[in-house]
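Let's take a walk through this one together, a stop at a time. Have the sequence and the 3D view ready.

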Amino acid sequence: MSISNKSNTQTLAKYLALDQGGKVQAEYIWIDGDGGLRSKTTTLDKKPEDVSELKEWNFDGSSTNQAPGDNSDVLLRPCAFFKDPFRGGDNLLVLCECYNNDGTPNRTNYRHSCSKIMQTYCDAHSWFGIEQEYTLFDMEGSVLGWPKGGFPGPQGPYYCSVGANVAFGRDIVEAHYRACLYSGVKISGVNAEVMPGQWEFQVGPCEGIDMGDHLWMARYLLKRVAEDFGAVVSFHPKPIKGDWNGAGCHTNFSTQAMREEGGIKAIHDAIDKMATRHAEHIAVYGEDNDQRLTGRHETGHISQFSYGVANRGASIRIPRHVAAEGKGYLEDRRPASNIDPYRVTQVIVESTLA
């Protein structure tokens, strides 16, 4: 039986066109106990000018794997807001941190410690750019565009592809791109990936804590857009077993010293420091990453640290133009598609600047 969950866009538009009477709808968004996204809406009397004007709220943490049932209230503290592309007008999407009743950060609140680290080393002006790969599925559990009960042709024609027989889900990708631009998310590009039904968007450059904020909001927007098309987004690093590329979250990193003349030395110094903490990085570089980091399909092996110029099979890649210019950034190819960007950006800064 076919399963459908597409939005009735035409009917919905009739209601979204109604006047809101000066009120503002604010969608409070947070990260749950399993690394997923949750949200709920509240009404504001007016549009806030600063995040500090937004109220604290709460939710039932026992339903999101964030609190026990006998003490289930978890607090939502707004930390950033964006324009809402779904409701339009003055309506907002509000990214929140989660706190326990005693005021301590919830165990899933990795933003709290990341923000402290970014503030401590703010003079380095750390920039990040993350390449988020993901896979689109239909409501019946098949990768979008794949034949039911079978497999498409082998990888090769799908990367950066054009054509209905090789590019699957472009409408979703285009809608998501425009939603990000409207909302203020720093999306910098998109492309079809190596496995059919798999795509990538890039966010950045973002400085410090903004990297995590903008990537999480971009993920939320993608899942909401996919709802409209009756599609499901997977961030699993190896959604299809076998001879198919996995999904990563390549993380590009630079400091001001790396971007200035002679910055290649600072890049090599950072790589040397990251090499000594390979295990600590892998520990926060995503669940099931061992299924992806096999040494095949453009990855290094999870147990080994390596780097090289223009080497997509290395842990750390120095882009060829960076080596030629003697300054720029490095690309950490180890993070999986399901990372928490707060944890990844924090460990990179800790390893290279502490």
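Leaving aside its neighbours within four places in sequence, which residues is Leu 95 in contact with? With contact meaning heavy atoms within 4.5 Å, the list runs Ile 29, Arg 77, Pro 78, Cys 79, Ala 80, Asp 213, Trp 216, Met 217 and Tyr 342.

Before going on, a word about what you're looking at: this is a predicted model, where local features need pLDDT of at least 70 and side-chain atom pairs count only at pLDDT 80 or more, while totals for chains, interfaces and linings use all residues. Residues are numbered from 1 along each chain as its sequence is written, and side-chain values use heavy atoms, with hydrogens and water left out.

Back to Leu 95, then. Along with Tyr 134, Phe 201, Met 217, Leu 330 and Ile 348, Leu 95 touches the most other members of the largest nonpolar core, which has 62 residues. A nonpolar core here is a set of buried Ala, Val, Leu, Ile, Met, Phe, Trp, Tyr and Cys residues joined through side-chain atoms within 4.5 Å. Buried means under 20% relative accessible area, exposed means over 50%, and partly exposed is in between (1.4 Å probe, protein chains only). Helix H4 gives this core its largest share, ten residues. There's also a second, separate core of 15 residues, and Ala 26, Trp 57, Cys 96 and Cys 98 are among them.

Now for H4 and its partners. Helices (H or I, at least four residues) and strands (E, at least two) are DSSP runs, numbered from the N terminus. Take helix H3 (residues 170-183) and helix H4 (residues 210-228): their axes come within 9 Å and cross at roughly 135°. Those axes are lines fitted to C-alpha atoms, for helices over the stretch in contact, with angles from 0 to 180 degrees between N-to-C directions. Angles under 35 degrees count as roughly parallel, over 145 as roughly antiparallel, 65 to 115 as roughly perpendicular and the rest as oblique. H3 and H4 are therefore oblique to each other. Where they touch, Ile 172, Ala 175, His 176, Ala 179, Cys 180 and Ser 183 of H3 meet Ala 218, Leu 221, Leu 222, Val 225 and Ala 226 of H4. Nine of the residues in this contact are nonpolar, two are polar and none is charged (Ala, Val, Leu, Ile, Met, Phe, Trp, Tyr, Cys and Pro count as nonpolar, Asp, Glu, Lys and Arg as charged, and the others, Gly among them, as polar).

H4 also packs with helix H9 (residues 341-353), their axes coming within 9 Å and crossing at roughly 155°. That makes H4 roughly antiparallel to H9. On the H4 side you'll find Met 211, Gly 212, Asp 213, Leu 215, Trp 216 and Arg 219, meeting Pro 341, Tyr 342 and Thr 345 of H9. This contact has five nonpolar, two polar and two charged residues.

Ile 282 is buried, at 16% relative accessible area. Beyond its neighbours within four places in sequence, Ile 282 is in contact with Leu 293, Ile 302 and Arg 334.

The peptide bond from Gly 204 to Pro 205 is cis, with omega near 0°, and Pro 205 sits in strand S8 (residues 198-207). Asn 65 has phi near 60°, a positive value in a residue other than glycine. Asn 65 belongs to the loop between strand S3 (57-60) and strand S4 (73-83), and is partly exposed at 41% relative accessible area.
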